[in-house]
Amino acid sequence: MRKFEEVLEKAKGIPTCKVAVAAAEDEHVLEAVLAAKKQGIAEAILVGDKEKILALAAQCGVAADDLTIVHEANPAKAALEAVRLVSSGEAQVVMKGLIPTADFLRAVLNKDVGLRQGKQVLSHVAVMEIPGREKLLFMSDGAMNMRPDLPQKVQILKNVVHVAHALGLEKPRVAALAAVEVVNPDMPETVDAAALTKMCERGQIKGCIVDGPLALDNALSEEAAHHKGIVSEVAGRADVLLVPEIICGNMLYKAATFLAQGAVAGVVVGAKAPIVMTSRADSSAAKLQSIALAVLAAQPQK
Ligand code: COD
């Protein structure tokens, strides 16, 4: 896909999902869920401070009768209730509202009502539409796992490939990023990137093509890859950027919006259901795009 418009269109064709929103008393979150409902992408159960939600809804010209609200003024408890709604099957997607990321994720990981599937790693996937680039770019993990080890990177890779497949990309090209394109034991992320490449070549990781280590320039620019003499199916044409740790990923995500004026979306996958997780500073458009992304990621895949 080239643009988020296509993601929204694809999500409209799917039977309506219910999204349970944790701490829904946020203007951009409400605008996004109202737009999702209007466009036939998803309906929402708003868990949060009812008085504040109604006041914000009134500003958007929406009457109380048009909303499903579960009152819980405490954000951490609201997150637990939103997660419980998904665990119990009353909703298919959970969404972060006005609550710090770590508190929200603790509810998602909660032992009693949380959404973990056995030992599977949950990870964040960002999708970015960057002006001047011809296709959507996937990136992981810039928001959940701080310093993943190799086994965790394998699962993070599988999670991002799942999302790429959900958007119709059959065999995404994955660049395992580092600062350089040679293996240097003093930079352990280069060793992990090489291991992931070999694991993919040997069929231990399926559904994608991995190459690494690659630096960002030779992952995205054919000219840069050519200059360095790197010849691979991924170099210069990456669909997915697999970052070695949260700081790089978080900066890339924010650079996409604040430096490149791009559009973004974010979702956590690897759980029993997709989790819409954007930054509190993200626009209502980014939140709507993320809902559409989660709706597509929630669909069973072949
Ligand atoms: N997938 C599956 N299970 C996990 C994961 C994961 N990614 N992370 C933790 N768990 C499990 C652990 O195995 C353990 O059983 C339980 O959850 C608790 O794990 P801890 O002790 O690491 O839990 P916390 O609460 O200290 O940390 C978990 C967070 C996800 C909250 C933490 O990793 C975190 O704060 N991540 C960064 C969030 C953030 O600030 N992002 C930036 C913002 S945009």
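Modeller: The buried residues of α6 are K153, V154, I156, L157, N159, V160, V161, V163, A164 and A166. The model is a predicted one. Helix α6 covers residues 150-166. An α-helix has 3.6 residues a turn, so residues three or four places apart point the same way. The length of α6 can be checked: at 1.5 Å a residue, its 17 residues should span 24 Å, and the end C-alpha atoms are 24 Å apart, which agrees. Just after α6 comes G168, with a positive phi of about 95°.

Next, the domains. The domain assignment divides the protein chain into domain 1, made of 4-116 + 271-295, and domain 2, which is 123-258. The C-alpha centres of the two domains are 29 Å apart. Eleven residues from domain 1 and 13 residues from domain 2 take part in the contact.

Then the sheet. Eleven strands form an open sheet with mixed pairing, in the order β3-β2-β1-β4-β11-β10-β5-β6-β9-β7-β8. Strands β3 (69-71) and β8 (209-214) stand at the edges with a single partner strand each, so one side of each has no neighbour in the sheet. Strands of a sheet pair through backbone hydrogen bonds, either parallel or antiparallel. Strand β1 (residues 17-22) runs parallel to β4 (residues 93-96), and four bridges join them. Within this pair, V21 has M95 of β4 as its bridge partner.

Two other helices lie across strands of the sheet. Helix α7 (residues 188-201) lies across β7 (173-177), β8 and β9 (240-242), and its direction is at about 160° to β8. Helix α10 (residues 246-258) lies across β5 (123-129), β6 (137-140), β7, β9 and β10 (263-269), at about 150° to β10.

Last, the cysteines. A disulfide is a covalent bond between the sulfur atoms of two cysteines. The structure holds zero disulfides. C200 is in none, and the nearest cysteine sulfur to it, that of C208, is 4.2 Å away, while the cut-off for a disulfide is within 2.5 Å. C200 counts as buried because its relative accessibility is 11%, and buried means under 20%. C248 is also in no disulfide; its nearest cysteine sulfur, again that of C208, is 20 Å away. With a relative accessible area of 32%, C248 is partly exposed.

Definitions and conventions
Residues numbered from 1 in each chain as written. Predicted model: local features only at pLDDT ≥ 70, side-chain atom pairs only at ≥ 80, totals over all residues. Heavy atoms only, no water. Pairing = 2+ DSSP bridges. Contact = heavy atoms within 4.5 Å. Axes fitted to C-alpha atoms, helices over the stretch in contact; angles between N-to-C directions. Expected span 1.5 Å × (residues − 1). Buried < 20%, exposed > 50% of the residue type's maximum accessible area, 1.4 Å probe, protein only. Domains from an automatic or database assignment.
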